[in-house]
Amino acid sequence: MSTDPEAIPIRVGLGVAIRTKSEHLAANLANSGEIQLLITRRRSDTVFPDSWEFPGGKADDGEALEACVVRELREELGVEVELTDPLSPVSHDYEHASVILYPWLCRLAPGSPAPRNLEVADHRWIELADLPRISLPPGNAKIVDEIMARFRG
């Protein structure tokens with residue numbers, strides 16, 4: 001539980017960037033074997049040092065969550081994304097803070113540069129089937145479950 005029970009939860013926008021091996025995200029992704037997800041590794045000087053996560057971060061005061069996701073992926077990876085579908089928000093209490101995670105499915109926008117490590121230690125595209133084996137911060141478990149359920153073919 002967060003150390004301050006009266007603290008307002010931090011709103012965090014997450015980008016669950018998806019691509020197919022053919023680099024084309026179709027409207028209906030029936031073949032889950034084609035899906036890859038973009039994850040990033042946290043820097044060693046942060047909470048959950050060196051762990052993998054979906055890219056994103058804290059929404060600024062008054063900032064729309066959709067704008068937060070686009071901004072965070074631009075700042076962290078230098079990419080431009082198009083949001084496609086919101087996933088279910090997830091509330092989680094960490095020892096250091098309470099958060100509400102707002103994940104969005106997205107894809108790289110046409111003409112976007114390739115991801116690069118601007119504000120992250122590393123990044124990589126992983127196969128959808130590998131997602132449950134990646135050690136993500138605990139608040140991400142429900143997000144992983146929803147992604148796997150959505151794309152299970």
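In this predicted model, helix 1 is followed by glycine 78, which has a positive phi near 70 degrees. The helix that ends before this glycine runs over residues 65–77, 13 residues in total. From its first C-alpha to its last, helix 1 reaches 18 Å, close to the 18 Å expected at 1.5 Å a residue.

Much of the interest in helix 1 lies in its packing. The buried residues of helix 1 are Leu65, Cys68, Val69, Val70, Arg71, Glu72, Leu73, Glu76 and Leu77. An α-helix has 3.6 residues a turn, so residues three or four places apart point the same way. The partners of the buried residues of helix 1 are strand 1, strand 2, strand 4 (56–58), strand 5 (81–86), strand 7 and strand 8 (122–127).

Leucine 14 and leucine 73 are 59 residues apart along the chain, and their C-alpha atoms are separated by 8.6 Å. Is leucine 14 buried or exposed? Its relative accessible area is 6%, and because the cut-off for buried is under 20%, leucine 14 counts as buried. Not counting residues up to four places away in sequence, leucine 14 touches Phe54, Pro55, Gly56, Val69, Leu101, Tyr102, Pro103, Trp104, Asn140 and Ile143.

Isoleucine 143 is in contact with Leu14, and also with Phe54, Leu87, Val90, Leu101 and Pro103, leaving aside its neighbours within four places in sequence. In soluble globular proteins, nonpolar side chains tend to be buried together. Here the largest nonpolar core has 25 residues, and those with the most contacts inside it are Val16, Leu37, Phe54, Leu131, Ile143 and Ile147. Two or more residues of this core come from each of strand 1, strand 2 (35–41), strand 7 (98–108) and helix 2 (141–151). Helix 2 gives the most, with five residues. Another core, of 12 residues, lies apart from this one and includes Leu38, Leu73, Trp104 and Val120.

The largest pocket has a volume of about 570 Å³. It is lined by 26 residues, of which Val12, Arg42, Glu53, Gly56 and Gly57 are the closest to its centre. Strand 1, strand 4, helix 1 and strand 7 each give two or more residues to the lining of the largest pocket. By type, the residues of this lining divide into 12 nonpolar, five polar and nine charged.

Key:
Residues numbered from 1 in each chain as written. Predicted model: local features only at pLDDT ≥ 70, side-chain atom pairs only at ≥ 80, totals over all residues. Heavy atoms only, no water. Buried < 20%, exposed > 50% of the residue type's maximum accessible area, 1.4 Å probe, protein only. Contact = heavy atoms within 4.5 Å. Core = buried A, V, L, I, M, F, W, Y, C linked by side-chain atoms within 4.5 Å. Helix = DSSP H or I, 4+ residues; strand = E, 2+ residues; numbered from the N terminus. Expected span 1.5 Å × (residues − 1). 1 Å grid on protein atoms, 1.4 Å probe; cavity = no way out; pocket = protein on both sides within 12 Å on 5 of 7 lines; lining within 4 Å. Points joined across faces, edges and corners; volume = space filled by probe spheres on them. Nonpolar A, V, L, I, M, F, W, Y, C, P; charged D, E, K, R; others polar.
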